There are 2 protein chains.
Amino acid sequence: MGRGPLAVLRQVAAACACPELLSSPALPEAARHRARRVLREMDAGNIGGYNHEHRALGVPTRVARFLERRDGGVPCNPGNVVLCSGTASILPFVMSLLVDETAAQPTGVLVPVPGPPLHGAAARLAGAVAVPYPLAEERGWAVDGDAVRRALGRARARCLPKALCVVNPGDPTGHVLSRQSMEDIIRLAGEENVLLLADEVQQERAFLPDRPFLSFKRVLGEMGAPLASTVQLVSFYSLSKSVAGESGFRAGFLELVNMEEGVMVPFQLAQSIPRPCVLGRILLDLLMDPPEDGDPIQQALQEHTQGLRRDLAHNARLVQEVLGRAPGIRCRPLHGGARAFPRIQLPPRALRQARALGLEPDVFFCQELLEATGMVLAPGSEFGQPEGTHHVGLSLLPPAETLERVLLTLTSFHAAFLRRFS
Amino acid sequence: MGRGPLAVLRQVAAACACPELLSSPALPEAARHRARRVLREMDAGNIGGYNHEHRALGVPTRVARFLERRDGGVPCNPGNVVLCSGTASILPFVMSLLVDETAAQPTGVLVPVPGPPLHGAAARLAGAVAVPYPLAEERGWAVDGDAVRRALGRARARCLPKALCVVNPGDPTGHVLSRQSMEDIIRLAGEENVLLLADEVQQERAFLPDRPFLSFKRVLGEMGAPLASTVQLVSFYSLSKSVAGESGFRAGFLELVNMEEGVMVPFQLAQSIPRPCVLGRILLDLLMDPPEDGDPIQQALQEHTQGLRRDLAHNARLVQEVLGRAPGIRCRPLHGGARAFPRIQLPPRALRQARALGLEPDVFFCQELLEATGMVLAPGSEFGQPEGTHHVGLSLLPPAETLERVLLTLTSFHAAFLRRFS
């Protein structure tokens with residue numbers, strides 16, 4: 001969005017990497033102060049080693065306090081917080097724990113359609129079967145409990161479904177689940193005895209004040225016994241999708257809820273879990289446990305976060321306004337996340353031409369768009385979409401002027417496309 | 001070894017993280033110059049993004065040139081170099097590609113005894129069977145081809161062996177393989193049709209000039225047709241075990257040799273491969289492609305490397321001298337790596353007492369050592385050892401004075417232990 005990196009985070013990283021900067025006026029004192037605190041916790045005062053205790057104890061303890069604040073006081077045990085190097089590499093590991101190769105039936109994992117391609121790929125990599133369930137487009141891409149149950153029922157003929165992936169805020173849909181909807185999903189998980197895999201990595205990008213992000217952990221905790229102490233949940237958080245947006249640092253964490261103790265052992269001990277690099281952990285820690293009010297780092301973080309949400313909300317309104325005027329394009333309300341997923345009408349002649357070329361119709365549309373305008377959009381089939389419908393995925397992250405140009409290009413190309421194939 | 005981190009690397013990392021330092025005299029100009037070059041290659045000149053091209057193309061190209069220099073000109077295709085976040089998390093991924101869950105027999109992976117506990121654990125995590133093969137202690141822990149063949153033969157009754165792990169320089173043994181021995185292993189891999197998994201992460205710590213480290217890739221290449229173009233090999237390199245010793249940055253790479261093209265696809269594309277953080281890649285890149293002769297970074301790197309090898313060689317001599325005088329302790333020659341693995345004689349009465357306590361005899365010895373002296377050594381059973389023998393694992397990395405104290409404590413405790421149980 002043209003904001004650039006959050007400078008305070010980088011200043012802390014630089015001072016931690018290079019202790020000679022701790023006493024240099026080249027960096028602001030607030031950053032050096034924080035770095036000194038970080039280094040006191042490192043083995044031999046240095047970020048070069050494995051620093052097991054920082055990873056397994058120090059940062060998780062502060063993450064747990066952050067989660068308790070986020071969740072209105074629902075308690076969090078730091079032992080249930082596991083740092084990782086990002087969702088893409090930890091998700092297959094989590095799913096692999098559900099797979100029993102000696103069982104007669106393979107393990108099934110339910111994944112939303114549309115949804116991030118990662119989830120299905122992770123299931124297959126883990127040796128499980130990805131079972132798609134459709135989101136309810138007509139209800140703004142909410143999760144439809146009946147549709148999940150139908151998918152579960154059909155899946156049981158070919159696998160043993162053990163987990164249900166829910167993405168909130170939705171990607172690519174931009175939908176933020178209501179508390180009511182989350183309670184329904186939790187009850188369903190309890191009744192059907194499936195683990196909830198809550199992909200909540202877009203949580204800091206919920207931008208509508210009247211549709212705030214609620215974590216599954218919070219809603220579960222507030223539902224009380226017996227569900228609160230029985231429904232199993234793994235929630236994912238990623239530095240890449242945080243307000244800091246630092247994808248290069250490869251850091252994130254899981255919270256595991258209501259797991260048997262035996263399940264926690266591989267998470268705490270396995271050498272083979274991809275662990276975050278030390279600077280990634282340090283930045284994550286800074287977001288989870290920023291300095292007190294009044295500290296310049298705290299102030300910079302707050303301003304950045306507010307600015308980011310304001311810009312996202314502005315861009316979302318822009319999408320609704322521009323696409324709302326376009327015949328044959330329809331975008332559902334956007335509440336959060338980094339993408340819109342408008343439906344685009346494609347005329348029958350275009351479908352036939354796509355078929356003749358051996359392409360999905362939305363891929364054909366995006367290729368034609370690329371050739372005519374030089375603009376790349378993601379075809380809906382990358383994320384999955386209801387049978388017989390067509391969508392495109394749009395990023396909400398460019399600066400507003402760029403996004404406006406993208407939207408105008410899309411609508412005028414689409415209008416010409418409708419004429420061409422009418 | 002009391003050296004501290006390699007300051008030039010950290011200076012480059014700091015300047016990359018925090019571009020306002022690029023023009024600050026707080027960092028040496030050589031580091032800022034390098035950082036400017038690095039940032040030119042980053043998307044939007046910033047390390048915050050995924051920077052796919054830097055990971056998949058830029059750094060691998062320079063790694064390939066480094067490998068060609070290392071290997072006396074044996075060619076390397078950058079497309080066969082895959083960056084990863086370290087051996088521990090990529091090894092199970094590589095092994096999982098050998099596992100076919102629908103096959104009648106499970107996949108077997110041969111692992112050396114003694115060897116890093118990681119290898120057997122990775123095999124089990126990947127759904128394969130770890131098949132131990134003994135190293136030849138009486139030949140300084142060389143690989144004994146006949147012993148490997150016997151292990152293969154026995155393994156075929158219960159699994160389909162598909163890979164042979166070889167650790168060179170040996171860990172915990174400190175043995176560096178001779179060219180002759182490597183040629184034998186390569187011929188064996190060709191005859192038995194197994195993939196060679198060459199754990200060469202200790203390669204920069206070969207410290208004896210008359211026993212230089214040779215990579216399997218080089219020896220294979222120099223053996224010529226038909227082996228050079230048929231034996232399949234994966235070699236592992238790690239920033240943690242490099243001269244820089246930067247474990248916190250989680251970076252390394254694989255080189256894959258003689259793979260079918262289909263095998264390369266998951267390595268190039270899979271989102272789920274644990275990828276190194278951007279600063280880890282930048283440091284790795286700096287080791288692979290340092291500035292020209294005369295540049296202060298190049299000079300600092302050379303001095304650091306020479307100093308490290310000199311210190312390791314000095315420490316290895318110290319181990320041989322002190323342990324060589326101790327009755328009942330025997331350490332084989334040390335050529336490289338970061339550990340020694342001396343054999344310790346334990347008297348029959350100590351074995352009986354250990355059995356009564358339900359402990360491995362070497363664990364009993366190490367516990368008694370800890371209680372009497374406060375010193376922690378790794379019992380040999382952590383790495384595996386020949387039936388009926390007992391060893392301890394010793395780090396070669398402390399400063400010489402510390403290591404000398406460790407050795408004297410060990411030998412005097414062992415002498416007292418022999419008397420106590422005689």
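**A walk through the two chains**

Let's start in a loop of chain B, the one between strand 4 (160-167) and helix 7 (179-192), where B:Thr173 is found. Keep in mind as we go that this is a predicted model. B:Thr173 has a relative accessibility of 2%, so it counts as buried, the cut-off being under 20%. Its side chain reaches the backbone nitrogen of B:His175 at 3.3 Å. What else does B:Thr173 touch, once neighbours within four places in sequence are left aside? The partners are B:Pro114, B:Leu135, B:Trp141, B:Leu334, B:Arg339 and B:Phe341.

Another loop of chain B, between strand 5 (195-199) and helix 8 (216-223), holds B:Leu214. With 14% relative accessibility, B:Leu214 also counts as buried. Not counting residues up to four places away in sequence, B:Leu214 touches B:Asn168, B:Arg179, B:Met182, B:Glu200 and B:Val219. For a sense of how the chain folds back here, take B:Leu214 and B:Ser178: they are 36 residues apart in sequence, with 8.0 Å between their C-alpha atoms.

Is B:Leu233 buried or exposed? Its relative accessibility is 1%, so B:Leu233 counts as buried. Beyond its neighbours within four places in sequence, B:Leu233 is in contact with B:Leu195, B:Leu196, B:Ala198, B:Phe216, B:Lys217, B:Leu220, B:Glu255, B:Leu256, B:Val257 and B:Met259. One of these, B:Ala198, is 35 residues away in sequence, and its C-alpha sits 7.1 Å from that of B:Leu233.

Over in chain A, have a look at helix 5 (residues 117-125), where A:Leu118, A:His119, A:Gly120, A:Ala122 and A:Ala123 are buried. What do those buried residues pack against? In chain A, they meet helix 4 (87-96) together with strand 2 (107-113), strand 3 (129-134), strand 4 (160-167) and strand 5 (195-199). Just past the end of the helix, A:Gly127 takes a positive phi of about 85°.

Now for the charged pairs. Over all chains, the count comes to 36 salt bridges. One of them joins A:Glu137 to A:Arg343, with the closest N and O atoms 3.4 Å apart. A:Glu137 lies in the loop between strand 3 and helix 6 (145-155) of chain A, while A:Arg343 lies in strand 10 (residues 343-344), so the bridge ties together parts that are 206 residues apart in sequence. A:Glu137 is at 5% relative accessibility and counts as buried, whereas A:Arg343, at 33%, counts as partly exposed.

Chain B has a bridge between sequence neighbours: the side chains of B:Arg70 and B:Asp71 meet at 2.9 Å, N to O, and both residues are buried. B:Glu222 counts as partly exposed, at 38% relative accessibility. Back in chain A, a network of salt bridges links A:Arg37, A:Glu41, A:Arg62, A:Asp285 and A:Asp289.

Aromatic rings get a stop of their own: there are 21 aromatic pairs over all chains. In chain A, one aromatic cluster is made up of A:Phe364, A:Phe365, A:Phe413, A:Phe417 and A:Phe421.

Finally, how do the two chains meet? The contact involves 43 residues of chain B and 43 residues of chain A. Together they bury about 3,200 Å², and 59% of that is on carbon and sulfur atoms. On chain B's side, B:Arg10, B:Tyr50 and B:Ser272 supply 16% of the area buried against chain A, more than any other three residues. How many salt bridges are there between chain B and chain A? The count is zero, but 16 residue pairs are in polar contact across the interface. Helix 1 (7-17), helix 4 (87-96), helix 5 (117-125) and helix 10 (278-288) of chain B each supply at least two residues to the side that touches chain A. Helix 1 gives the most, with six residues. Sorted by class, that side of chain B has 23 nonpolar, 13 polar and seven charged residues.

Conventions. Residues are numbered from 1 along each chain as its sequence is written. Chains are lettered from A and ligands numbered from 1 in the order in which they are written. This is a predicted model: local features need pLDDT of at least 70, side-chain atom pairs count only at pLDDT 80 or more; totals for chains, interfaces and linings use all residues. Side-chain values use heavy atoms; hydrogens and water are left out. Contact means heavy atoms within 4.5 Å. Buried area is the accessible area (1.4 Å probe) that two parts lose on being put together, summed over both. A salt bridge is a side-chain nitrogen of Lys or Arg within 4 Å of a carboxyl oxygen of Asp or Glu. A polar contact is a pair of N or O atoms within 3.5 Å; within protein, one must be able to donate a hydrogen and the other to accept it, and residues adjacent in sequence count only if both atoms are side-chain atoms. Helices (H or I, at least four residues) and strands (E, at least two) are DSSP runs, numbered from the N terminus. Ala, Val, Leu, Ile, Met, Phe, Trp, Tyr, Cys and Pro count as nonpolar, Asp, Glu, Lys and Arg as charged, and the others, Gly among them, as polar. Buried means under 20% relative accessible area, exposed over 50%, partly exposed in between (1.4 Å probe, protein chains only). Rings of Phe, Tyr and Trp (its six-membered ring) pair if their centres lie within 6.5 Å; planes under 30 degrees apart count as stacked, over 60 as edge-to-face and the rest as tilted.
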